[in-house]
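Open the model in your viewer and keep the selection panel at hand. The tour goes stop by stop.

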Amino acid sequence: MTTKKQILPKFFFFFLFFGIALFCFLLSCKSSLARERISFPANSPKTVYIYFTADIAGNLEPCGCKSGQIGGLPRQAQYLLKSRQNPAIIVDSGNSMASTPNRYEYFKWYYILQIYEKIGYDALNLGQYEVALSSSQIVDLAEKTSAPLISANTMDESKNLLVKPYIIKDIEGIKIAIIGLVDNKAKTGEGTFLSDPISSFSQYLPEIQEQSHIILLLSALSSEQISYFSNNFPQISMILNTGETGTHLPENKNAVVLSSLSTKSRYVQQIRFSCQSSGDLSWVNGGNIPLDESIQDHSGTVYLLNRYREELGKERFYMEGLGNSKERFVGASRCAMCHMEIYRSWKTTAHSHSLDSLKRKNNHHDPHCLKCHVTAFGVKNGYEGEEKTPDFAFIGCEVCHGPSSLHTFHNNPDQLRPSTSFPNPKKICMECHTWEHCQNFDFDTFWPKIAHPKE
């Protein structure tokens, strides 16, 4: 005879298993319904464009020292606003800020973000340079601008994300998930914490899969990390990287397409692709567009940069973080007291009025430019502005020969002469006459133009 006590456990287990089965069924239905809501559009665009920038590194525009220079945000804005193909998304993989997380570079990054906001960027990843800022600085700029900053593994000390982890972009019915990651070995600022990018991506993968057809990863990752993502996450359609992987056009890495850019604002990369109804890419190709002189400057961006320069004049960033010098700089006029023939020869060179080229473009308050256009930059008792220290407002004798206060004031100056033999003049010249600033600079050609008579 079956008792009541024997029957109850059977019903209990029956309902338990039935409940689990029903829950799983409903869960699968929910997933199916979610995917059905984003079913692939019947009339999807044949070609989608991605405009990709990275590694601006605080370079606002060419210095203008020579013609033929490429790059700059005014040209970048003009191209992206006036010449891009549609439908398109515009993204940046990171390192738009310069590598030094000081107050000057942070101020400059604020203007870069304003320009990107006006251009209409869809997503801006935090790179190694940005995460060197403090968590409060990152949050502050994210609140001051509406620039779409993203990073799925940049947090504060309480493990709260500092910006959005990803953005879903709708391109005529095609849903593109754009997620950002940065190398967790990067140096971070106060209160900024980086979680493991693999774990962070895995955390958000299920939810972005439910909301998108294509996953686009903006990354400032190491080559090793890129390799891991390419080998282990076929759900990713495309990785756009900056940093270690240099600059190259889209190429297949297992099931993932990888493209990379690291050019200091000289190029915009255009990527074209089409995809199947399954979400798989049918084809991908791309090209780098040089931002050369054929592209005119965008007037709105020029306006913002002019405002930036006016603010630089008030901030006087070049007076911050000054270093010490064993000797004091004295200025070219002091040298002229004993070396008049050499002084007259120097006055005929462009070095004697090197600040004028900055003044013509209103760049004479910009520390990035001043370091190669004045004497005694960045040291105490050195350059403090043209009005206060006019004898340092050019490339003077002491840029090459070194500070000369002991030589000038010593009882026996022959014993304390600054460098007069020019042990390595080429090295001194090449510190400023780099390929970036002077593409056609040839030391052997230009040296005779500034070599002065010997006494």
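Is Cys-335 buried, partly exposed or exposed? Select Cys-335: this residue is buried, with a relative accessible area of 16%. Buried means under 20% relative accessible area, exposed over 50%, and partly exposed in between, using a 1.4 Å probe and protein chains only.

Before moving on, note that this is a predicted model, in which local features need pLDDT of at least 70, side-chain atom pairs count only at pLDDT 80 or more, and totals for chains, interfaces and linings use all residues. Residues are numbered from 1 along each chain as its sequence is written, and side-chain values use heavy atoms, with hydrogens and water left out.

**The disulfide**

Select Cys-372 and Cys-432. They form a disulfide, with sulfur atoms 2.2 Å apart; the term covers a pair of cysteine sulfur atoms within 2.5 Å. The link of Cys-372 and Cys-432 is left-handed, at -90 degrees about the S-S bond. Cys-372 sits in the loop between helix H11 (367–370) and helix H12 (397–401), and Cys-432 in the loop between helix H14 (425–430) and helix H15 (443–450), so the pair ties together parts that are 60 residues apart in sequence. Helices (H or I, at least four residues) and strands (E, at least two) are DSSP runs, numbered from the N terminus. A search of the whole structure finds one disulfide. Cys-335 is in no disulfide; its nearest cysteine sulfur, that of Cys-397, is 4.0 Å away.

**Helix H3**

Now select residues 103–119. H3 has 17 residues and reaches 25 Å from its first C-alpha to its last, close to the 24 Å expected at 1.5 Å a residue. That expected span is 1.5 Å times one less than the number of residues. In H3, 13 of the 17 residues are buried, so the helix is largely enclosed by the rest of the structure. Step just past H3: Gly-120 takes a positive phi of about 100 degrees.

**The open sheet**

Show the strands. Six of them form an open sheet in the order E4-E3-E2-E1-E13-E14, with mixed pairing. E4 (149–150) and E14 (281–290) stand at the edges with a single partner strand each, so one side of each is left without a neighbour in the sheet. Strands pair if DSSP finds at least two bridges between them. Select E2 (residues 88–92) and E3 (residues 123–125): two bridges join these parallel strands. Val-91 has Ala-123 in E3 as its bridge partner.

**Helices H5 and H6**

Last, select Pro-197, Ile-198 and Phe-201 in H5. They meet Gln-225, Tyr-228 and Phe-229 in H6, contact meaning heavy atoms within 4.5 Å.
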